[in-house]
Amino acid sequence: MIHTRLCAAALIGALGLGAGVPTIAVAQDSFENQLKARQGQFRLIALNLGVLGNMAKGDIPYDAEAEQVAADNLVTVAAITQGLLWPEGSDAMSIDGTRAMPSIWEDNADFVEKWEAVAAAADGLAAVAGDGQAALGPALGPMGATCKSCHEAHREPDS
């Protein structure tokens with residue numbers, strides 16, 4: 001887990017990304033790449049939460065090593081500073097293919113706070129990873145709550 005965090009910190013430092021979600025100037029042709037990266041980030045979260053959720057429910061056999069890997073992956077993804085992934089004009093009112101609401105930019109402090117809560121929940125999940133199936137379900141609760149909080153505030157509902 002420490003190795004994963006160090007790699008994430010090194011990557012973030014190498015990219016020169018600071019805290020928060022600042023607007024970062026990039027070439028216009030990278031706009032689509034920024035969107036794909038953002039969507040990929042959330043696919044990684046969903047994939048790893050799926051593994052953990054299925055283990056917690058008993059839909060797949062409990063595997064402490066796989067649990068730790070999935071939890072560490074969540075910590076790494078949550079450590080990514082969001083600035084490059086949220087270019088102005090990438091909300092659902094401006095383009096198709098996203099459910100991001102303009103509130104992400106209008107109330108950016110709330111969005112950043114919610115992303116930081118995701119990171120804290122991922123850290124909590126990783127801290128109990130490997131402690132058994134009984135510990136997994138309760139640790140998933142805070143992660144789900146942070147996701148839900150952000151989705152309710154900053155993501156359009158399914159249509």
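The side chain of Gln82 places a polar atom 2.7 Å from the backbone oxygen of Ile80, a polar contact in the sense used here (a pair of N or O atoms within 3.5 Å; within protein, one must be able to donate a hydrogen and the other to accept it, and residues adjacent in sequence count only if both atoms are side-chain atoms). Gln82 is found in the loop between helix 3 and helix 4, and its relative accessible area is 1%, so this residue counts as buried. Buried stands for under 20% relative accessible area, exposed for over 50%, and partly exposed for anything in between (1.4 Å probe, protein chains only).

A polar atom of the Asp91 side chain lies 2.9 Å from the backbone nitrogen of Met93. Leaving aside neighbours within four places in sequence, Asp91 is in contact (heavy atoms within 4.5 Å) with Thr98, Ala100, Met101, Pro102 and Trp105. The C-alpha atoms of Asp91 and Trp105 are 8.9 Å apart, for a sequence separation of 14 residues.

All of this comes from a predicted model, in which local features need pLDDT of at least 70 and side-chain atom pairs count only at pLDDT 80 or more, while totals for chains, interfaces and linings use all residues. Residues are numbered from 1 along each chain as its sequence is written, and side-chain values use heavy atoms, with hydrogens and water left out. The predictor's confidence in each residue, pLDDT, goes from 0 to 100; the protein chain averages 86, and 82% of the residues score at least 70. Confidence is lowest in helix 1 (residues 2-15), with a mean of 41, and highest in helix 3 (residues 64-78), at 98. Over residues 1-22 pLDDT stays under 50, and the model has 29 contacts beyond four places in sequence for this stretch. Where pLDDT is low, the predicted coordinates should not be read in detail.

As for the fold, the protein chain has 6 helices and 0 strands, both being DSSP runs numbered from the N terminus (helices H or I, at least four residues; strands E, at least two). Of its 159 residues, 36% count as buried. Among contacts with a separation of 6 or more, 77% come from residues 24 or more positions apart.

Helix 2 has 27 residues and should span 39 Å at 1.5 Å a residue, which agrees with the 39 Å between its end C-alpha atoms; the expected span is 1.5 Å times one less than the number of residues. Its buried residues, including Arg38, Asn48 and Leu52, pack against helix 3, helix 4 (103-106), helix 5 and helix 6. Just after helix 2, Gly58 takes a positive phi of about 80°.

Not counting residues up to four places away in sequence, Met143 touches Leu49, Leu74, Val118, Ala121 and Ala122.
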